[in-house]
Amino acid sequence: MIRIHAFLVFTVVALIVGFSASAAPSDAPPAFGTVGLAFVEKHCLQCHNDKAKKAELSLSGYRDEAALLKGRKVWQSVLEQVQAGEMPPKKQPRPSADEIDAFTRSVKGVFERADKNARPDPGRVTIRRLNRSEYDNTIRDLVGIDFQPAEDFPSDDVGHGFDNIGDVLFLSPVLMERYLAAAESITQRAIVVTPPKPTVRHQSARYLEPGGPKVPTTKFRPVTKGNLSYAVELSNDGEFIVKTRVYSPKVGDEPTRFALLVDGKEIKTFEVKADNEKKPDTLEVEVTLPEGHHRASVALLNDFKKDKDERTLFVEFLEVAGPKDMRPASQRRLLACDATKPKAEQTREILERFATRAYRRPVTPAEMGRLLKLVAAAEGRGDKWEAGVQLAMQAILVSPKFLFRVELDDQPDSAGGHPIDEYQLASRLSYFLWSSMPDEELLALAGKKQLTANLEAQVRRMLKDKKAKALVDNFAMQWLQLRRLKSFTPDAKLFPHFSEQLRNAMLKETELFFAEVVREDRSILDLIAADFTYLNEPLARHYGIVDTHGTRAGQKPMKPGGKPIRGNEFVRVTLADGERGGILTQASVLTVTSNPTRTSPVKRG
């Protein structure tokens with residue numbers, strides 16, 4: 001049984017690296033110089049000589065194997081005519097079956113020996129432009145921002161059913177304009193030349209939670225037990241300052257204690273020294289927080305029962321300010337460098353790292369020189385250093401070395417075939433499985449020339465990565481031609497229950513099913529004969545299935561314990577009856593292989 005991972009490993013080796021197969025051993029064919037030439041002289045030359053030249057064909061010049069190889073197309077036609085019984089003509093003496101077999105084997109033997117001993121010809125590699133999906137994914141992994149800049153690009157042409165065929169991925173003037181605009185937009189989002197001041201999220205005490213009609217409208221709000229809090233939404237991560245202003249009248253010898261909390265976790269405890277509102281204490285604490293939703297709180301810590309309602313903490317406000325570094329996360333990551341180095345060395349470190357990842361191979365000294373000149377020119381005009389780096393990165397994003405997967409021959413003087421460069425292998429591998437650029441591990445192995453030796457392990461690692469979803473979206477969906485489902489319109493009178501919701505569910509079923517076969521490394525035969533699928537309520541109703549054990553509507557459960565399929569959430573469903581299973585029985589495939597009013601046995605065949 002072939003597992004899907006093993007099949008994909010083999011596919012990668014065959015399609016990306018290339019392989020050769022040895023012919024199965026067989027009996028040596030008769031020599032053309034004896035058997036084949038004798039057959040031609042006896043049955044062919046009477047009509048096909050230089051003088052008669054019937055059908056504009058003369059075989060007089062084909063006396064040895066070298067001549068046959070030069071006229072291979074001619075001899076392919078001769079074999080077809082002889083094997084079909086068309087030649088010699090019916091009026092001429094007919095050769096025996098043994099003679100025809102010996103002649104055929106002698107001619108084919110010439111070609112087989114030539115093919116076996118010929119130098120491998122890897123053919124040409126068309127320079128491949130990144131298609132829209134590959135461009136978006138590459139920007140996501142290179143720059144660290146995911147906003148799909150290729151949405152405004154012209155649609156990619158399709159060849160042989162796929163939109164990543166190099167021979168049809170042209171570069172039009174309109175697309176070049178969009179590349180220039182996208183590069184500028186990307187670098188402006190990734191690097192903010194003049195970051196804004198830290199954001200202050202200030203909340204007066206009267207608006208803190210818990211609220212209600214009894215909340216006083218005075219400047220300070222009393223707290224005798226519990227806490228006051230408010231929710232904040234942080235659009236960036238980093239270091240934040242949580243601040244409050246308080247006072248507390250003295251009660252006995254014990255000081256008033258309170259804590260600042262974030263998300264219920266105590267950050268720091270304070271003792272209140274101020275005992276009147278004219279000179280309150282302003283207290284703060286620094287805390288590192290991720291982006292997202294948080295809740296800041298101030299809580300009185302003294303024993304409420306012990307103080308008998310006498311102790312009160314008065315709070316004026318609660319605020320969260322920051323992050324202290326207002327640069328976006330992408331900028332902090334892209335401009336990370338050794339701050340102890342001179343500025344010129346910092347620039348080189350940053351651009352060398354970025355260009356190497358963008359070009360998917362080490363940047364050359366000449367390329368680095370041009371990039372450094374751009375930064376120097378920007379600074380010479382009075383621009384900030386960040387603006388110069390931003391300009392250099394923009395130039396990288398419109399370079400053909402980024403927009404195209406360039407595979408220059410590292411052995412141009414070699415007459416024979418040879419393996420592709422390890423960096424080129426890394427790109428082929430990552431764009432096949434991830435539709436994106438190689439990650440750090442692939443590039444590191446390529447730099448050590450160890451990728452080929454670790455190819456199978458890397459394929460298995462990459463298939464486990466969440467980016468392998470691209471294999472479903474950009475390979476499986478095009479392989480099965482399911483993108484056509486988005487524009488398919490069944491006859492509304494014959495199929496009144498068809499809807500956009502059902503159309504989307506059909507696509508989702510196949511996506512989830514194919515992804516599961518890959519994720520679980522199941523048998524490749526499950527693609528056509530699996531005993532499970534994924535359904536939501538609309539699609540299950542379309543199939544007439546009512547629970548997760550595959551029970552048919554109106555029938556008794558095949559096995560106890562099946563859960564009803566409800567709502568739009570997809571659940572895994574066991575298909576126990578053998579009637580349905582695999583992609584060939586899924587509604588998505590059946591729909592695109594149909595006509596609007598009826599099924600199509602021709603398309604499905």
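1. Start with helix 12 (residues 385-397). Its 13 residues, at 1.5 Å a residue, should span 18 Å, and the end C-alpha atoms sit 19 Å apart, which agrees. The expected span is 1.5 Å times one less than the number of residues; helices here are DSSP runs (H or I, at least four residues), numbered from the N terminus.

2. A quick word on the source: this is a predicted model, where local features need pLDDT of at least 70, side-chain atom pairs count only at pLDDT 80 or more, and totals for chains, interfaces and linings use all residues. Residues are numbered from 1 along each chain as its sequence is written, and side-chain values use heavy atoms, with hydrogens and water left out.

3. Back to helix 12: its buried residues (under 20% relative accessible area, 1.4 Å probe, protein chains only) include Trp385, Met393 and Leu397. Lys343 lies over the face of Trp385, 4.0 Å from the ring centre. That label needs NZ of Lys or CZ of Arg within 6 Å of the ring centre and within 35 degrees of the ring normal.

4. Now the aromatics: the whole structure has 17 aromatic pairs. Rings of Phe, Tyr and Trp (its six-membered ring) pair if their centres lie within 6.5 Å; planes under 30 degrees apart are stacked, over 60 edge-to-face, the rest tilted. Tyr62 and Trp75 have centres 5.5 Å apart and planes at 80 degrees, so this pair is edge-to-face. Both Tyr62 and Trp75 are buried.

5. Tyr135 and Phe153 also pair edge-to-face, at 5.0 Å centre to centre and 65 degrees between planes. Tyr135 is in helix 6 and Phe153 in the loop between helix 6 and helix 7, 18 residues apart.

Methods. Helix = DSSP H or I, 4+ residues; strand = E, 2+ residues; numbered from the N terminus. Buried < 20%, exposed > 50% of the residue type's maximum accessible area, 1.4 Å probe, protein only.
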